[in-house]
Amino acid sequence: MRQPFRSARPYRSMLYVPGHKLDWIRKAPRYGADAYIYDLEDAVPIGEKPAARAATETGLAELAGEPFGRFVRINGWHTGQTLADLTAVVRPGLDGVLLPKVEDVDDVVALDRLLEELECQRGIELGRVEIFPLCETALSMYRHFDICRASERVVRTTSAVLAVPGDQTRAMGVHLSGGLGEETVLVNGRAGLEARAAGVHQMTGGMTTTIGDLGLVRELAERSKALGATGSMSIHPSHVPVHNEVFSPSAAEIDRARAVMVAMASAVERGDAAVQLDGEMVDYAHVRESLDLLRSAQAFGLAVGEYPDVPVLSY
């Protein structure tokens, strides 16, 4: 299986910020997202694109040392804006580029080559800048697996439950009937499977453009998590705490994972490879699952306590 060029940093929440509003870029860190997406595409009027590049470039320079992810959603190919966007924002401190309206593998490969050239030119570690493809067309959704494998820079993608109309629903010709966007569950569940089969394990989902309904924000995030999402994009600061909570391992989950490790350590010491825990049989598969959860919790700065080492042959 393809392995990512480096481990992808997990992000529970990725907050969009309009790229032409430098004051918003500067104050966004107060909202506590794990990463910020400075948007040069749909959040910026066409006439403001040059100003947005300048503001985003300034913001990236000022925030380069901060402990959160810094991404830019550029304008896609065939807009006449892509090269200018990349020239402005590929600087030290940039973690990744969101490529909208991806159509096929060639779109990702072309971006990979340009990023490599700019990294060489500007003294940035090769492979430092991620490519985050946004599959918003019918063709790209159909070719999602191949797009995820198109570049070692692709270490995260989208697997979202949609409850509001947008580019994806328009591309599919889907008419939402309300609720949690059940009409898109099949496509997005498949996207999650394809991403993992391609070696991409970080998936965002659960976003809604409805600002004030935090109950809906939570429901969408929980549904997305159930379908394999590891975090979500946020379009409003009020959504960030909800996403951070939903996509963080709970105290009960951490306690259970630690208990599995303790029980299995004792079983292995006795010469067994399985043991009963609270009426359930657990084995090495549960060790791998528990290690995933505990390491995820640690990545988000959560306390997991002490737990024994249980060697596994395959992980």
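**Cavities and a buried glutamate**

I began with the second largest cavity, which holds about 30 Å³ of space. I noted that this is a predicted model.

Which residues line the second largest cavity? I listed Tyr11, Met14, Arg156, Gln202, Met203, Thr204, Thr230 and Gly231. Strand S7, residues 202-204, gives the largest share of this lining, with 3 residues. I then sorted the lining by class. I got 3 nonpolar, 4 polar and 1 charged.

Next I looked up Arg156, one of the residues lining the second largest cavity. The Arg156 side chain makes a polar contact with the side chain of Glu130, at 2.8 Å. I found Glu130 in strand S5, residues 130-133.

Is Glu130 buried or exposed? Its relative accessible area is 2%. Buried means under 20%, so Glu130 counts as buried.

I also checked how many cavities of 30 Å³ or more there are. The count is 2.

I turned to the largest cavity. About 90 Å³ of space lies in it. Its lining is made up of Cys135, Met141, His144, Thr158, Gln168, Val187, Asn188, Arg190, Ala191 and Glu194.

Which helix gives the most to the lining of the largest cavity? I found that helix H8, residues 185-197, does, with 5 residues. By class, I recorded 4 nonpolar, 4 polar and 2 charged residues in the lining of the largest cavity.

Methods:
Residues are numbered from 1 along each chain as its sequence is written. This is a predicted model: local features need pLDDT of at least 70, side-chain atom pairs count only at pLDDT 80 or more; totals for chains, interfaces and linings use all residues. Side-chain values use heavy atoms; hydrogens and water are left out. On a 1 Å grid over the protein atoms alone, a cavity is a set of points where a 1.4 Å probe fits but cannot get out, and a pocket is an open set with protein on both sides within 12 Å along at least five of seven lines; lining residues have an atom within 4 Å of a point. Grid points are joined across faces, edges and corners, and a volume is the space filled by probe spheres set on the points. Helices (H or I, at least four residues) and strands (E, at least two) are DSSP runs, numbered from the N terminus. Ala, Val, Leu, Ile, Met, Phe, Trp, Tyr, Cys and Pro count as nonpolar, Asp, Glu, Lys and Arg as charged, and the others, Gly among them, as polar. Buried means under 20% relative accessible area, exposed over 50%, partly exposed in between (1.4 Å probe, protein chains only). A polar contact is a pair of N or O atoms within 3.5 Å; within protein, one must be able to donate a hydrogen and the other to accept it, and residues adjacent in sequence count only if both atoms are side-chain atoms.
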